[in-house]
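Please follow the account below with the sequence and the model open side by side. It passes from the surface to the salt bridges and then to a pocket.

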Amino acid sequence: MSKQFDVVVIGGGPGGYIAAIRAAQLGFNTACIDEWKNDKGGPALGGTCTNVGCIPSKALLQSSEHFEHAGHGFADHGISMNDLKIDIAKMIGRKDAVVKQNNDGVQYLFKKNKVTFFHGRGSFAAAKDGAYEIKVAGAAEETITAKHVIVATGSNARQLPGAPFDEVNILSNDGALRIPAVPKKLGVIGSGVIGLEMGSVWRRLGAEVTILEALPAFLGAADESVAKEAAKVFKKQGLNIELGVKISAVENGKDSVTVKYTDAKGAEQSLVVDKLIVSIGRTANTIGLNPEAVGLKLDERGAVIVDDECKTNLPSVWAIGDVVRGPMLAHKAEEEGVAVAERIAGQHGHVNFNTIPWVIYTSPEIAWVGRTEQQLKADGVAYKAGQFPFLANGRARALGDTTGFVKFLADAKTDEILGVHIIGPMASELISEAVVAMEFKASAEDIARICHAHPSLSEATKEAALAVDKRTLNF
């Protein structure tokens with residue numbers, strides 16, 4: 001007889017493990033199935049985010065930023081460095097240790113909250129008597145039964161046609177985190193979050209980095225003023241970014257990769273690199289889920305179709321995170337996971353897609369929430385804009401990083417905050433104030449009247465809010 005649960009979550013990434021923990025906290029007998037393995041074959045909970053995404057990339061970004069500061073920034077502080085070098089193996093080892101700490105942390109939370117964990121691949125087997133049979137293909141195959149199923153299987157890196165990942169020369173985000181030595185020349189296809197972050201890591205460590213982007217505009221999802229500032233700063237740092245290119249062929253050689261493409265002017269070009277990172281987006285992961293067994297509907301992209309509450313076409317089957325519509329962001333998956341667990345319990349789970357923050361952890365960091373200025377113009381929304389540079393912020397001067405600015409967009413009549421866009425130091429942390437403000441329908445004046453610590457980078461948000469009404473305290 002199969003083991004029976006109230007809730008079974010398929011996938012142990014940030015959406016899945018959070019959903020499982022919250023369901024258990026709400027009193028449900030809960031299980032989570034995840035197949036990710038560490039280098040010893042054991043479980044590695046946390047999904048793409050913990051294993052080959054958010055966490056390891058931030059570890060490498062931190063290491064590479066320390067290296068760049070030591071080589072270029074310490075002298076301004078009167079600190080001399082001689083014979084500067086980096087041990088790549090040790091840097092990768094530290095990254096792996098950080099990943100393991102997070103893996104172990106999720107397992108601890110499962111034990112603490114009494115979530116039953118199954119290590120293996122979960123798939124639908126059948127729908128029977130108002131419940132679902134889920135097959136677990138692990139060290140030993142078994143079948144469990146659930147009243148409610150939450151699909152949280154995440155996403156996979158999209159491959160460039162004709163250039164499959166070998167994780168040696170042609171790399172996904174996974175291989176990009178495990179390059180054993182600094183390549184002399186590194187190519188990156190795609191100037192999104194992964195491309196910019198991984199390009200930044202290896203550029204700081206000494207690689208000559210060229211980023212090829214098919215779109216004619218840089219960072220099209222960001223506010224135009226932020227994108228322009230970012231392009232200027234990255235070019236100054238040494239990132240070579242080519243826009244409007246069309247890849248015609250990728251040739252994977254023994255020790256190099258050749259990318260043939262047409263540039264924005266229509267000229268044929270050829271780029272030879274030691275390693276090539278392909279970061280052209282991700283696709284919903286429903287491989288092996290066997291949705292046909294129960295009639296679970298997928299869209300033309302292979303994503304699970306859900307409504308606004310993450311309900312699928314099947315009763316008591318839900319789906320969250322990268323495997324459904326919406327931005328592929330770990331924190332979006334987490335919010336959906338909590339909301340679904342609470343909806344199963346009859347509560348009113350809440351996810352506001354308008355206040356989900358976006359962050360790119362380059363240097364300078366880039367973060368935003370809400371609508372961009374170009375979106376407001378396109379929608380015909382009357383708005384006011386206010387902007388304040390970090391150059392005029394005392395804390396930024398003391399840090400030695402005055403790049404960028406904070407930009408506020410507010411409704412012209414009501415002054416309600418419609419969007420906040422930041423490029424500069426600690427933008428990833430500063431954006432949270434804007435998220436809170438927008439959740440509570442705050443006005444720009446509300447932020448302007450809140451006391452901010454001095455000196456702090458957050459004073460720039462206050463000044464940008466003041467600038468919405470053409471006021472400032474620092475000029």
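I79 counts as partly exposed because its relative accessibility is 40%, the class between buried (under 20% relative accessible area) and exposed (over 50%), with a 1.4 Å probe and protein chains only. This residue sits in the loop between α3 and α4 (88-112); helices (H or I, at least four residues) and strands (E, at least two) are DSSP runs, numbered from the N terminus. Together with M81 and L84, I79 makes a nonpolar surface patch of about 230 Å². Such patches consist of residues with over 30% relative accessible area and no salt bridge, nonpolar side chains (Val, Leu, Ile, Met, Phe, Trp, Tyr) being joined within 5 Å and like charges within 9 Å. Accessible areas come from the Shrake-Rupley method with a 1.4 Å probe, and for residues only the protein chains shown count as cover.

The model is predicted: local features need pLDDT of at least 70, side-chain atom pairs count only at pLDDT 80 or more, and totals for chains, interfaces and linings use all residues. Residues are numbered from 1 along each chain as its sequence is written, and side-chain values use heavy atoms, with hydrogens and water left out.

A salt bridge requires a side-chain nitrogen of Lys or Arg within 4 Å of a carboxyl oxygen of Asp or Glu, and the count by this rule is 24. One of them pairs K147 with D6, with 3.8 Å between the closest N and O atoms. Because K147 belongs to strand β5 (residues 141-151) and D6 to strand β1 (residues 3-10), the pair ties together parts 141 residues apart in sequence. Another joins D415 to K384, at 3.2 Å between the closest N and O atoms. Here the loop between β20 (405-411) and β21 (417-424), which holds D415, is tied to strand β19 (residues 383-389), which holds K384, and the parts are 31 residues apart in sequence. D415 counts as buried, because its relative accessibility is 9%. Salt bridges with shared partners also link E68, R203 and R204 into one network.

The second largest pocket holds about 1,100 Å³ of space. A pocket is an open set of points on a 1 Å grid over the protein atoms alone, with protein on both sides within 12 Å along at least five of seven lines, and lining residues have an atom within 4 Å of a point. Of its 30 lining residues, E65, H69, S363, G400 and D401 are the closest to the centre. α3 gives the most to this lining, with 5 residues.

Terms used: On a 1 Å grid over the protein atoms alone, a cavity is a set of points where a 1.4 Å probe fits but cannot get out, and a pocket is an open set with protein on both sides within 12 Å along at least five of seven lines; lining residues have an atom within 4 Å of a point. Grid points are joined across faces, edges and corners, and a volume is the space filled by probe spheres set on the points.
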